[in-house]
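These are my notebook entries on the structure shown here.

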Amino acid sequence: MKHLIPEFMAMRRRLPEGFEPSLVLPCLRRIQEDRGHVADEDIDGLAAWLGVPRIQIEEVLSFYTQFRRAPVGRWHLQACRNLSCSMRGAEGVIAHLEHRLGIEPGQTTSDGRYTLSTVECLGSCGTAPVVMVNETYHEDMSPERLDALLESLSR
Amino acid sequence: MTGTKLLMNFEVTPTSHCLADYRARGGYATLDKVLREMRPEEVTKEVATAGILGHGGAAFPAGRKWGVIRLNDGLPHYLCANADEGEPGTFKDRWILEHAPHLLVESMAIAAYALQVRHAFVYIRGEFDLPWRRIAEAVEEAYAAGWLGEGIAGSAFALDLVVYRGAGSYVCGEASGLLTSLEGRKGYPRNRPPRLTVRGLYQMPTVINNVETLANVTGIVRDGAAAFRKVGTAKSPGTQLISISGHVQRAGVYEVEYGYPFAKFIREDCGGVLGGLGLKCVVPGGISTKVLTAAEIEPLLLDHASVAAAGSSLGSGGMVVVAEGTCMVRFLQVLVRFYHHESCGQCTPCREGMGWLHRIVDRIVAGEGELEDIDRLVAISKANDGTTICGMGDAAGYATVGIIAKYRDEFKYWIRNGRSLHGGRLEAVDHEWLREAALHG
Amino acid sequence: MVEIWIDDDRVEAKDGQTVMQAARASGHEIPYFCWHPALSVPGNCRICMVEVEGDGASAGWLDIACNMPIANGMRIRTDSPRVLARRKEMLQLVTLNHPVDCGICDKAGECTLQDYHYRYNGEPSVSRDAKVRATKHHALSKRIVLDNERCILCSRCVRFTREISKSDGLGIQHRGDHSLVRAVENGAFERDPYSDNVIDLCPVGALLSVPFLHKARVWYLEPTPSICPGCERGCSVAIWHRKKAWKLNRLDPAANARIDRVTPRENPAVNGPWICNKGRDLAAVFERPRATAAMIRGAAVELEAAVEQARALIAAARHPAALVSSWGSNEELAAFHAAFGARFSCHVKTDHLPQPGERIEDELLIKPDKNPNRRAATALYPPLPEATRAAFPAGCDLVLVWGEGCDFDALPPGANVVYLDAWRHPAQGRADVFLPISVQTERSGHYTNFAGVVSRFEACFEKPATVADAETLFVALAVPARARAS
């Protein structure tokens with residue numbers, strides 16, 4: 001995490017005095033981007049650098065769905081199953097991905113390439129059904145578009 | 001078309017979100033004028049006179065919220081744009097972030113000037129990628145061009161704007177939960193009193209407005225409150241961005257002038273129900289608003305009073321169209337699963353109640369429901385009405401009570417017969433997905 | 001001053017108070033789980049909802065009392081039909097997933113949830129669904145076991161570690177009904193010397209003491225007011241032991257003299273509502289092996305014989321000295337002074353030193369001197385200096401040692417030693433006369449703490465038959481000067 005400190009300091013400069021604790025979320029996000037997940041030593045390091053109690057960081061990591069303390073596959077496929085997506089075929093999307101990847105939501109393929117999750121509303125209801133792959137939204141998914149997506153990820 | 005356009009009034013192109021295009025449309029001229037010619041209280045007065053109602057769901061008059069901030073009280077004031085947009089069915093703030101980010105920046109600068117704010121924030125949900133990149137780029141462009149930072153437009157006014165990303169939590173869209181998250185903690189909402197305009201971010205006076213609400217500020221100040229009030233209706237001035245989805249032919253974001261006919265909007269402007277099916281019901285403003293049947297929306301107008309008189313609310317403008325043949329038990333199942341997943345867990349009624357609602361509906365769907373379960377769902381909803389720390393408990397209750405009030409027969413049918421009246425269907429048409437799912441067992 | 005009405009009683013409340021505070025100050029009961037007078041207000045349990053009566057124009061409304069500022073003319077009802085209905089509803093929800101463990105739960109008999117359930121609800125669960133399961137026997141620390149199913153997430157324990165002990169040792173992980181109280185992963189809670197206060201704070205049987213686990217039902221125990229001797233703050237404590245009137249006392253009578261547990265006794269002048277963990281472990285102090293036999297040069301004798309021998313040695317001594325206990329009560333010190341103050345060269349010793357790893361001092365309760373009554377003793381005599389030998393008069397021929405912590409190798413080699421102590425120590429065989437004495441829990445008396453506050457402790461148990469009170473012995477050993485001649 002130490003190599004990220006210059007970035008953290010740049011973030012800090014935009015914030016008013018006394019806002020150091022606010023850096024918890026953005027720093028964790030940056031650490032996770034860098035390592036793929038947040039490790040125990042990152043928690044120690046961040047708590048010390050920010051001067052916040054370690055328990056605060058532990059709580060934050062467990063509360064927000066986007067933070068993880070264990071790695072996921074190279075491609076994290078997050079399929080929305082909320083209302084509009086369900087009304088436009090989310091169950092089929094999930095079934096299709098389960099079939100193609102041979103895993104259920106919450107699991108990772110044995111080669112470590114794909115992790116499948118179901119998530120709640122992504123704010124993309126107009127282009128339902130939607131799958132988020134790592135940071136990117138893939139909208140208007142159909143069987144063909146899903147297969148094309150998997151094909152492009154496999155390269 | 002759906003009336004006067006105040007926000008979606010330019011052609012979206014690959015560069016229309018950039019500073020140069022925004023300037024060409026007259027962007028930042030209003031901020032410049034405000035800094036040269038108006039006092040902070042004059043800006044607030046204009047916004048209050050315009051009577052704009054908040055677009056996040058509560059429809060609270062923005063000017064009245066701003067008016068609570070006491071100028072020259074010696075305390076730091078904070079302004080926060082709520083870009084968490086987590087209410088299922090809602091994706092209209094995303095349109096503003098992607099296509100009109102500078103409108104938000106300019107509006108926030110004007111608001112910050114009015115409220116004596118030195119540091120402002122855009123709290124954006126963590127999942128948003130393109131919307132985040134667009135608003136982050138716009139902020140950098142604005143800094144580079146001197147519309148943010150020290151001495152804006154050669155005046156004494158300075159403003160720092162920070163785009164702050166969430167990390168996956170619906171309650172961070174609740175104003176006090178948002179602030180607690182912005183303080184680097186779990187997004188736990190807070191009890192009121194104190195109001196956030198008295199003790200908000202780090203216990204300092206804070207104004208939180210929805211993105212769409214703020215986006216309107218530039219137009220209100222540029223053209224004046226009177227011009228704004230000419231649009232829409234007397235009680236609902238201006239326009240609303242409606243994100244429409246579900247079983248609708250042309251889903252998307254539409255700007256609708258308040259007072260526009262509800263049914264006409266769905267039938268004509270949005271192409272009607274998917275596959276030419278009949279309309280069963282509509283969720284008017286995000287899943288936390290009470291569902292309205294096709295018959296009920298016929299006489300309605302898209303404004304607060306009309307929808308409220310029908311027993312519902314325009315809420316966050318997240319409209320979901322439901323076709324005939326949709327199973328409302330499965331519908332409710334999706335909603336209570338969502339609320340259960342998102343409950344922060346602080347207060348007793350919501351923490352225990354959301355899980356209870358979810359387990360009961362799951363049990364009904366599994367064929368193990370009893371008739372008294374229906375009244376129990378209503379009772380749990382009532383136990384969450386006015387008893388919780390934040391509005392999420394109430395919201396889940398409204399959604400549940402709304403669906404059961406109109407579709408109790410479907411629940412009774414499933415309980416008595418062990419299966420759905422409508423084949424358990426949430427998709428409108430014999431969707432290619434259903435065939436997919438059947439193939440894979 | 002603000003005038004409000006609670007249940008038609010006129011109440012004068014202070015500006016800035018909440019309805020909860022004003023109600024409690026005026027003797028009106030409003031139930032609560034998460035609220036606590038010494039902690040911040042989270043307002044999460046929702047059981048303290050009260051009704052604010054409307055003014056005729058508007059209807060009344062319900063809201064939590066703990067976060068409700070008082071307003072002049074406000075009319076509050078704590079027991080209206082609406083309030084009672086809401087309260088019952090909230091209790092239904094608190095107990096929705098709470099396991100019916102009462103039969104095996106240590107908290108039974110002193111459990112707020114039990115009390116409120118019977119008082120305000122009293123009916124079986126209306127749920128047809130199985131209760132949510134969670135960890136049932138989680139080691140929060142070596143001293144505290146946590147049952148997450150029983151936990152109602154009031155957050156008192158978490159707030160205690162944030163606001164009072166400041167260890168930041170506890171937090172709540174995850175969210176919704178999957179929320180779990182957990183200790184921070186770096187061991188800070190294990191190291192928190194105030195950790196056990198969360199056991200008292202917990203309104204249900206979620207946080208339980210490991211040493212006390214399944215040892216006794218609380219309704220067979222009674223608390224006796226006492227004072228912790230662990231340091232010079234002298235926190236007020238309650239020592240719990242079997243009720244003297246319990247009819248099963250005849251079974252296992254040795255257990256009648258057992259300290260079952262120690263809890264804080266609220267004392268605004270000394271310790272507030274808290275004690276540190278050292279005070280919880282007083283059984284380990286008082287129940288060390290006792291010295292029960294008087295001895296002359298290591299040989300066991302009758303107490304009277306030993307007293308006689310001691311009197312003879314004291315009478316014959318020309319330059320007697322005394323090492324005075326810093327654990328002696330005010331009453332014992334007075335008797336000691338009357339007997340020996342004039343003739344003996346007295347110094348106050350340090351009976352107990354801090355143990356390795358023990359916290360020396362902090363801003364909450366813990367004081368550096370680990371003895372309960374040095375202040376009263378040093379009001380009479382000087383403390384024993386570092387260079388112990390210098391404390392004894394030239395030609396010292398008798399040392400009266402009272403209490404623990406004496407370095408016998410530092411005593412003048414030729415002097416006779418008369419030694420009074422409660423707990424067995426090897427040096428007792430080396431003394432010319434050894435007299436066994438009672439401990440604090442076997443008598444009543446007073447200590448004076450570091451700030452001069454005088455507090456009383458009561459006897460919990462009978463002293464062993466062969467043991468004497470030091471106070472009585474001092475009187476018996478008091479030999480007037482002219483008696484020396486004979």
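**Entries on strands and a chain contact**

I began with a bridge partner and found that Leu398(C) is paired with Asn416(C), which lies in β19(C). I note that the model is a predicted one.

I then looked up the strands themselves. Strand β18 of chain C, residues 398–402, runs parallel to β19(C), and 5 bridges join the two. β19(C) also pairs with strand β20 of chain C, residues 433–436, in the parallel sense, over 4 bridges. In that pairing I recorded Pro436(C) of β20(C) as the bridge partner of Asp421(C).

Next I asked myself: is strand β19 of chain C mostly covered or mostly uncovered? I found that it is mostly covered, since 5 of the 6 residues in the stretch 416–421 are buried.

I turned to the contact between chain B and chain A. I counted 66 residues from chain B and 50 residues from chain A in the contact. The two chains bury about 4700 Å² between them, with 58% of it on carbon and sulfur atoms.

I looked for charged pairs and noted 4 salt bridges across the interface of chain B and chain A. In a salt bridge that I looked up, the side chain of Glu59(A) meets that of Lys186(B) at 3.4 Å, N to O. I also noted 24 residue pairs in polar contact between chain B and chain A, both residues at pLDDT 80 or more.

Several elements of chain B each supply at least two residues of its side touching chain A, among them β2 (117–124), α7 (130–144) and α15 (328–342). The largest share, 8 residues, comes from α15(B). I recorded the residues of this side as 33 nonpolar, 17 polar and 16 charged.

Note on methods
Residues are numbered from 1 along each chain as its sequence is written. Chains are lettered from A and ligands numbered from 1 in the order in which they are written. This is a predicted model: local features need pLDDT of at least 70, side-chain atom pairs count only at pLDDT 80 or more; totals for chains, interfaces and linings use all residues. Side-chain values use heavy atoms; hydrogens and water are left out. Contact means heavy atoms within 4.5 Å. Buried area is the accessible area (1.4 Å probe) that two parts lose on being put together, summed over both. A polar contact is a pair of N or O atoms within 3.5 Å; within protein, one must be able to donate a hydrogen and the other to accept it, and residues adjacent in sequence count only if both atoms are side-chain atoms. Ala, Val, Leu, Ile, Met, Phe, Trp, Tyr, Cys and Pro count as nonpolar, Asp, Glu, Lys and Arg as charged, and the others, Gly among them, as polar. Buried means under 20% relative accessible area, exposed over 50%, partly exposed in between (1.4 Å probe, protein chains only). Two strands pair if DSSP finds at least two bridges between them.
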